[in-house]
Amino acid sequence: IDVPMIGEGAEMERAFSLPNVSRQFYKIDVDDTDSDSDGFTDWEEVKLGFDPFRTHTDREDTLDSARIAAELNGVSTVTVAVYDDQSAEGWPDPAVIVLRREGGLQPITVNFALSGSATAGADYTVSHASGSAVFDLGVREVPVSFQAAVDGDANESDESILLTLSPGTNYTLGTTNTATVTILNDPDDGTPSAKEAARLLIQAAFGPDQDSASDADGIPENVEEVMALGIEGWIDDQLTRPLGLHQPFVTWTNEQPNEAQLYNDSKQNSWWGRAMGLSKLRPDAPASEEQLPDPLRQRVAFALSQIFVISDRMEDIGNAPEGMANYYDIFIRHAFGNYRDLLREVTLHPCMGLYLSHLGNRKPDPVNNIYPDENYAREIMQLFSIGLWELNQDGTRKLNSGDPIPTYDNDDITEFARVFTGLAFGGSNVNFGLFPRDFTVPMGAWDEEHDLEPKTLLSGATTPQRTASAGNTGTATLADIDAAMDNLFNHPNVGPFIGRLLIQRLVTSNPSPEYVGRVATVFDNPADRGNLGAVVKAILMDTEARDPNMRNDPTFGKAREPFLKCVNLARAFNATTDVGWYYLDAFNLDHAQEPHKSPSVFNFYLPNYSPPGELAQTGLAAPEFQIITATTGVMAPNYFRNAIFGSFHRWGVADPTRATRLNLNQEMLLNVPPEAVDDPFPTVEPLDPLPLIRRLDMALTGGTLTPENYRIIHAALSRIGPGSSWEWPEERLSLAIYLILSSPEFAIQR
């Protein structure tokens with residue numbers, strides 16, 4: 001058995017399984033391997049902080065062997081820098097000052113003193129209370145963290161901490177030997193910190209947007225909005241905002257002459273306009289169409305569209321973008337409305353009627369071998385309302401002698417299929433055929449094609465014998481459909497089933513049973529059952545969603561949806577176009593996800609999907625990982641790399657006025673001095689990258705970047721400057737953004 005192990009100077013242990021014998025002999029070879037043949041063993045390089053498999057660790061120009069020879073016994077020069085400049089009371093992220101050394105590699109102990117208006121022990125705790133930090137052999141950086149303490153004084157001002165390096169043995173002080181961080185007071189009025197507000201926007205909207213150049217305080221504008229209103233106040237405000245409908249833009253596009261060359265997927269353009277918060281979907285729209293953006297409604301609508309799925313991959317409805325936008329607007333109208341109303345409108349929409357084949361469904365006629373199509377009858381129960389298994393209020397399965405209890409059987413499917421007979425295109429339609437078609441009005445009901453006989457629904461409920469009405473009045477058909485809606489709507493499974501799905505799309509893939517139970521209780525409120533606005537607020541205000549300490553729970557959080565990463569990137573840098581609207585689509589090709597383009601009625605991923613390995617072994621769901629594959633895992637980062645200074649379009653765009661590009665003007669001013677902004681090859685030195693990294697951290701990850709990733713990104717940017725690469729300012733800024741987009745903190749929503 002060949003099991004190589006790299007030693008680190010301490011006792012090592014390796015477990016072996018014995019092949020059904022009482023004893024086994026092993027031979028251990030001790031080998032000072034030098035994998036990169038640079039004259040130093042792997043063990044030596046690991047201890048010194050070098051990569052044993054590369055001759056140029058971290059892509060440094062100088063050979064590792066030369067660096068070690070020059071620095072092993074050299075004198076260390078110590079400086080300080082700020083990674084995270086703030087820590088807020090009641091929020092678990094500390095402020096971080098990093099101590100750095102250049103020169104020597106031998107262990108040293110660096111002394112420092114703390115002062116400022118904040119008092120250690122009362123206002124904050126520090127990771128190095130002794131006033132010294134130990135640099136082990138080869139270590140280049142040591143972070144010193146300052147965690148704000150809740151002192152109960154709501155009226156005090158923000159306080160400062162000043163760290164000052166002190167002289168010591170075996171090191172000298174560099175030029176920068178002081179650094180300051182801030183302890184933010186908790187005003188006790190519900191006002192969230194910037195990080196707390198950014199976290200809400202990642203859960204409930206499309207992430208933080210760009211800081212305004214007019215105040216340039218490093219806090220994105222929509223983060224400041226949440227801070228001003230408070231989290232509950234922001235949610236309440238969103239619940240009352242005007243509807244950002246999608247169909248009007250698609251209708252306008254269809255009305256344009258051919259010479260306008262609007263050959264793009266107009267329903268995607270409309271989606272992007274609403275997600276980006278346009279006050280008008282097109283710049284020439286009348287002032288009467290101007291309105292406030294409604295990001296919470298748009299985010300919830302996207303979540304609902306992944307439950308009540310249709311897809312333009314079905315050509316019959318793919319050729320009707322106006323109808324699909326009309327269908328999507330069901331979720332805009334009912335995102336904060338009543339679940340029963342939503343379910344009924346979905347049921348009667350012709351796009352759903354075609355997609356799940358209950359449009360044109362005829363009553364049984366055994367003589368002519370005609371039986372109702374059962375597709376929609378099955379999916380409305382399995383996917384849209386009650387699920388496969390009887391649930392407790394907290395979403396756990398009810399059991400009978402240890403076995404789960406099905407919610408329905410084939411007989412129930414057959415009965416519900418009879419309910420959904422007699423529906424065809426509505427509007428100007430004068431027959432029960434498939435033409436003419438109007439995808440923007442509910443299906444019409446034809447009692448002569450409807451099964452009028454009594455039906456048995458769930459829990460023993462029944463419908464009476466119906467009497468047909470003339471033409472497409474559909475009195476009997478709609479009465480049966482309303483009875484079915486009531487039957488499903490009042491099933492005890494709906495609250496926990498739909499509640500859990502919405503929690504997964506907004507907050508966490510593995511909500512606790514208690515979390516699901518609290519949300520289901522809000523859904524089941526006898527005074528207002530099925531109020532989705534109340535349900536959404538309960539999801540976002542729940543202790544599991546708001547408690548920042550949940551971020552340290554390894555079972556909490558979710559992988560960010562691949563497509564929503566693109567939207568977050570666009571929002572973070574206020575991506576714009578010259579024409580004023582977003583000529584965007586084809587994201588499914590790189591990210592395997594895009595509105596309206598699910599590969600099946602089961603969405604882009606299953607709610608209980610768990611990737612093989614540790615997550616599956618521990619029974620944790622990670623739905624989004626179902627489409628994060630060996631292919632998308634490479635294509636998505638490549639897309640981001642190209643989109644930063646290119647355009648958001650996969651293949652580019654023929655008309656440059658329609659190109660969607662990031663606005664990176666402010667970030668470039670944090671990258672190079674003002675006189676170098678428009679110079680592709682300046683000879684000036686770049687700016688300290690840490691303020692830039694802090695801004696990107698807040699806009700893209702909500703301020704969650706770890707000190708280790710700060711170090712990695714800082715080291716990478718520090719190597720780019722005059723003469724280092726083609727158009728180095730652009731390359732440096734692009735790399736900073738790309739590395740954060742590739743970080744675990746951007747990939748996982750906590």
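**Pockets, sheets and cavities of the predicted model**

The largest pocket has a volume of about 1,200 Å³. A pocket is an open set of points on a 1 Å grid over the protein atoms alone, with protein on both sides within 12 Å along at least five of seven lines, and lining residues have an atom within 4 Å of a point. A volume is the space filled by probe spheres set on the points, with grid points joined across faces, edges and corners. Of the 40 residues that line this pocket, Arg-100, Arg-101, Arg-140, Glu-141 and Ala-715 are the closest to its centre. Two or more lining residues come from each of helix H2 (64–71), strand E1 (76–84), strand E3 (95–102), strand E7 (141–148) and helix H26 (707–718). The largest share, six residues, is supplied by H26. Helices (H or I, at least four residues) and strands (E, at least two) are DSSP runs, numbered from the N terminus. By class, the lining of the largest pocket comprises 15 nonpolar, ten polar and 15 charged residues; Ala, Val, Leu, Ile, Met, Phe, Trp, Tyr, Cys and Pro count as nonpolar, Asp, Glu, Lys and Arg as charged, and the others, Gly among them, as polar.

The model is predicted: local features need pLDDT of at least 70, side-chain atom pairs count only at pLDDT 80 or more, and totals for chains, interfaces and linings use all residues. Residues are numbered from 1 along each chain as its sequence is written, and side-chain values use heavy atoms, with hydrogens and water left out.

Strand E3 pairs with E1 in the antiparallel sense over seven bridges, and Val-80 stands opposite Leu-99 in E3. Two strands pair if DSSP finds at least two bridges between them. E3 also pairs with E7, again in the antiparallel sense, over six bridges, with Ser-145 in E7 as the bridge partner of Val-96.

An open sheet of five strands has the order E2-E10-E8-E4-E6, with mixed pairing. Strand E2 (86–88) and strand E6 (132–135) stand at the edges with a single partner strand each, so one side of each lacks a neighbour in the sheet. Strand E4 (residues 108–115) and E6 run antiparallel and are joined by four bridges, and Ile-108 stands opposite Phe-135 in E6.

Backbone geometry was also examined. The peptide bond from Phe-435 to Pro-436 is cis, with omega near -5°, and Pro-436 lies in the loop between strand E13 (423–424) and strand E14 (444–445). Asn-603, although not a glycine, has a positive phi of about 70°; Asn-603 is placed in the loop between helix H21 (588–591) and helix H22 (614–617) and counts as buried at 8% relative accessibility.

A cavity is a set of grid points where a 1.4 Å probe fits but cannot get out, and the count comes to four cavities of 30 Å³ or more. The largest cavity holds about 110 Å³ of space. Among its 17 lining residues, Ser-305, Val-309, Ile-310, Pro-595 and His-596 are the closest to its centre. The largest share of this lining, four residues, comes from H10.

Definitions and conventions:
Buried means under 20% relative accessible area, exposed over 50%, partly exposed in between (1.4 Å probe, protein chains only).
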